[in-house]
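Student: I would like to learn how to read a few features of a structure, going step by step from a general idea to the particular case. Could we work through one together?

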Amino acid sequence: MNLVTGATGIVGSHVVLALLQNNEEVIACKQKSSDVKKVEELFSFYTVDYKNLFGKIKWVDVDILDIFSIEEALKGVTNVYHCAGFVSFDSRDRKKTMSINETGTKNVVDACLHNKIKALCHVSSLAAIHNLDYTSALSEDVFWKKSGKESDYAISKYNAEREVWRGIEEGLNAVIVNPGVVLSPGFVGQSSSRLFDAAYKGNKFYPVGTTAYIAASDVAKIMIKLIALEKFGQRYILIENNYRYFDILSHIQRNFNKPVPSIKATRFILTLANIFEDFRVFFQGGEKRVTKALIRSAFNKQEYSNKKINTELGVEFVPVLQIIEQICQKYGPRKNKGETSR
C-alpha cells in the first residue's frame, strides 16, 4: 500500500496517477478544504480511463503538523511519497513555510520510523542545492553554503532534507529528489502554472537568468522507480535541462499566438515593481507577486546537472518544449471559455 502526502498538488497528483496506472493501491492525503476535482481533471488530460482510476483513490484528511493524524493514515502502508509542501517567497509567509516544509517533514519522518515503513521518497527542491561559489553546473555533491541571499523557502527545504538524512541515519530507507520547475497541465493559477497565466496575458518582460525544468509526469515515474530499485540514502536532481527564462516565456507565448517578451527586466525595473507591490498589498491585501527572493532568482545563471539520474536510471525525459506545447493546448481553450484561476 502506498501513501502520498500532498496528493492534490502538482507532483502528488501525478504520483497518485502513476501508481494507479501501475495497478497499485493508493491512500491520498489531502486537507479538509482541498479541491479533489482538480485531480480528476488532471487525470483526464492523460487517460480516457480517468473516472475509473480516480474512483480507486482512498482519500484521507491529514494534517502533517499533527503527527497523530499521520500515524493513523500510515496503518497498513509500506511506501510513502512525501510530496506535501508550501511554496512562497513572501517574507510574511516565513512561519508557515518553515512549519509545513521543515516541521511537517520531521513529523512524516518520525511517523515512518515509528511505523517501520519500508520506503520513503521525499520531494525536495533545487532550492536546497545552494552554493554561490560554484561556477560549474550544480550537482548532488554540492554542499549547502549559506550566503544570506537564500530565500526562506530554500532554507525550509534544506532543513527538511536534514530531517530526512537524520531519519536515514536512524534506519529509515529513504531517497530524496530535487526537481526543477515542475510543468503540468491543469492547476491554473498555482505554482509553475503562473508562467502560463502571465504569458497568456501577453507578458512583455523577461528576466535575464536561467533555471531548470521537468515534466511532472517524469518526476512521478522516477520517484516510483527509485523506490522500486531501492536507491536509498541518495538524492537526485530531476531536470530535463536548463533554459533561459526568455526562451521559456517566448515558447509559451508563441504557442498562445502572443508576441514574445521584448523588454529586459532589469534590476531597476524589478525593484520598482517590488515597491509597487508593497503598496498594492498594503492597501488591497493579497499575495505579494514580486519579492526580493524572486528578483534574486531572476538574475540567477547557475545551472544544474542531471548526470547522476541519467547514469543510474537512463531516463528518457519528456522534452520541456514539448510539454509546454501540450500544456498550452489544454490551457488556451479553458481560458477562452472564461475559466478563472482556482
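This is a predicted model: local features need pLDDT of at least 70, side-chain atom pairs count only at pLDDT 80 or more; totals for chains, interfaces and linings use all residues.

Student: How do the axes of helix 5 and helix 6 lie relative to each other?

Tutor: In general, two packed helices are described by the angle between their axes and the distance between the axes. Here the axes of helix 5 (residues 94–114) and helix 6 (residues 152–169) cross at roughly 10° and come within 9 Å. Because angles under 35 degrees count as roughly parallel, helix 5 is roughly parallel to helix 6. By class, their contact has 7 nonpolar, 6 polar and 8 charged residues. Among the residues that meet are Arg94, Glu102 and Lys106 in helix 5 and Asp152, Lys157 and Glu163 in helix 6.

Student: Is Ser156 buried or exposed, and why?

Tutor: Buried means under 20% relative accessible area, so Ser156, at 0% relative accessibility, counts as buried. Ser156 belongs to helix 6.

Student: What is Ser156 in contact with, leaving aside its neighbours within four places in sequence?

Tutor: With those neighbours left aside, Ser156 is in contact with Thr97, Met98, Asn101 and Glu102. A polar atom of the Ser156 side chain also lies 2.7 Å from the backbone oxygen of Tyr153.

Note on methods: Residues are numbered from 1 along each chain as its sequence is written. Side-chain values use heavy atoms; hydrogens and water are left out. Axes are lines fitted to C-alpha atoms, for helices over the stretch in contact, and angles run from 0 to 180 degrees between N-to-C directions. Helices (H or I, at least four residues) and strands (E, at least two) are DSSP runs, numbered from the N terminus. Angles under 35 degrees count as roughly parallel, over 145 as roughly antiparallel, 65 to 115 as roughly perpendicular and the rest as oblique. Contact means heavy atoms within 4.5 Å. Ala, Val, Leu, Ile, Met, Phe, Trp, Tyr, Cys and Pro count as nonpolar, Asp, Glu, Lys and Arg as charged, and the others, Gly among them, as polar. Buried means under 20% relative accessible area, exposed over 50%, partly exposed in between (1.4 Å probe, protein chains only). A polar contact is a pair of N or O atoms within 3.5 Å; within protein, one must be able to donate a hydrogen and the other to accept it, and residues adjacent in sequence count only if both atoms are side-chain atoms.
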